[in-house]
Amino acid sequence: MPPTLASLVHHSALKLTVRAGEDHLDAPVRWAHASELTDPVPYMEGGELLLITALKLDAEDPEAMSRYVKRLAAAGVVGLGFAVGVHYKDIPEALVAAAADEGLPLLEVPRRTPFLAISKAVSAAIAADQYRAVTAGFAAQRELTKQALSDGPEGLLGALAGQVDGWAALYDASGAVVATAPEWASRRAARLTTDVERLRDRAAPASAVVAGAEDRVELHSIGTGRRPRAALAVGTASTLGTAERYALHSAIALLTLTTERNRSLQAAEARVGSAVLRMLLAGEPDHARTVAGELYGSLLDAPFRLVVAEVPASAPDDADPFAGLTDAVESAAARAGEALLVVPYGERLVLLVVDGGAGAAACVAYAQTLEAGRSEAPEGGAGDGAALLLGLSAPAGPIAAATAYKQADQALSIARRRGRALVEHEDLAAGSVLPLLADDAVRAFADGLLRALYEHDATGRGDLIASLRAWLSRHGQWDAAAADLGVHRHTLRYRMRRVEEILGRSLDDPDVRMELWLSLKATSSGTE
């Protein structure tokens, strides 16, 4: 620890005597400075022991001494050393009383003790303290490195908590708590998630201090990229000292190295993952399983879902538009111990997630967050379209990966048309095909196919559209359809022949009947 007034008083060579402020001798001394100015405050930084002989002071004037001492105390001066036997045989009572009233330690310096000796003693003590801090810092660095190599981040956190006499926590890129030391700190660390998320939005390196009722917490981002890869929290009862600060910086450096190394490994894994995906989509599941090995093998042993994500054309430019989705899904899968495949695929992102697992749930939750943000945005603002579009396939296995990709692509197409953040293929299969007819291309086809019939009816020469709808809805049953229309069946037969003549198509062809029925549904009159 740095030198204190008490340590200077107990220094055998200085022979200092306490004349006032005995209760404040534990104050640390940052420097010893001699000044005979009547107002040395402009030149003080705080923490100094001021040494004087009262050459220019009226040390016997109570009012002058009261003002003098008050200014020193307000400037952060921790003590006043008065040399006796130079201008005053003893310390004037006015100065002693002022120091006592203000609680400022007043030390009597004997004539045989030069101010230079006090300055040297303070300097030597500060140097010794700094040496101890550096030595302790190197020792802490060795211990932290040892724990990081043997036990990973958990071991490093445990060693760091011991070094700072507090607690430590590590957060992943999404702001979720990964590990804490000691274990009791997990609840405290979880309450800082919002602060960690704010830190994550700042470019690394970034830090923040959170003052709580029970502790003081420092937050530091981990990583060298634009987006922090993790965050470290350290909670202590008071401000960190020099040795503790060395330990903290060592921990940050080690975690950053680990993170950057992991990024290199992740890049290599991504190349393997890309090869696995392309083999799956090419219908080569056996080769894909061989390449996947232990990295993704467990993912291919169970039903998975395939997710295709893309950025809509209307979305604002973003250096990494998939970062939020990737962070959310990777964090969820890591906490659940699930295998996960994330592969950039052209301008898209493809994910293979365990069916019913945490990764799949994170995809849905992330899409719901996007939907909520869009609904809360003002009309005409950035929220009018989803910032990311996702299509989710039905459960599949390696042999059906290509089919799963088509399902996800189809769901993504519907999400794009509807402006939805996420569409699941199963929802399409379980619902009706009619909402799909709202596409402009389908409407244009329907209008072109039925236009001649509408133009015929507009002349008042018959109701071919209504007759066609009734006949198709009754599956070509003449009597039932004629009864619905309130006409004779021969009249209906005549109208259907006119439909065939006008369209140039045979109603005996099931494809023609299907196209006409869907066209009737797609047109505005057909969907009323």
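1. Let's start with two helices: the axes of helix H14 (residues 464-473) and helix H16 (residues 489-503) come within 10 Å and cross at roughly 105°. H14 and H16 are therefore roughly perpendicular to each other (65 to 115 degrees counts as roughly perpendicular). Helices here are DSSP runs of H or I with at least four residues, and strands are runs of E with at least two, numbered from the N terminus. Axes are lines fitted to C-alpha atoms, for helices over the stretch in contact, with angles from 0 to 180 degrees between N-to-C directions.

2. A word on the model: it is predicted, with local features needing pLDDT of at least 70 and side-chain atom pairs counting only at pLDDT 80 or more, while totals for chains, interfaces and linings use all residues. Residues are numbered from 1 along each chain as its sequence is written, and side-chain values use heavy atoms, leaving out hydrogens and water.

3. Which residues of H14 meet H16? They are Leu-464, Ser-467, Leu-468 and Trp-471, and their partners in H16 include Leu-492, Met-496 and Val-499 (contact means heavy atoms within 4.5 Å).

4. Now look at the open sheet, where five strands follow the order E12-E13-E11-E14-E15 with mixed pairing (two strands pair if DSSP finds at least two bridges between them). Strand E12 (341-345) and strand E15 (422-424) are at the edges with a single partner strand each, so one side of each has no neighbour in the sheet. From one strand to the next, the twist averages 20°.

5. Inside this sheet, strand E11 (residues 304-310) pairs with strand E14 (residues 389-392) in the antiparallel sense over four bridges. Val-307 has Leu-392 in E14 as its bridge partner.

Technical notes. Angles under 35 degrees count as roughly parallel, over 145 as roughly antiparallel, 65 to 115 as roughly perpendicular and the rest as oblique.
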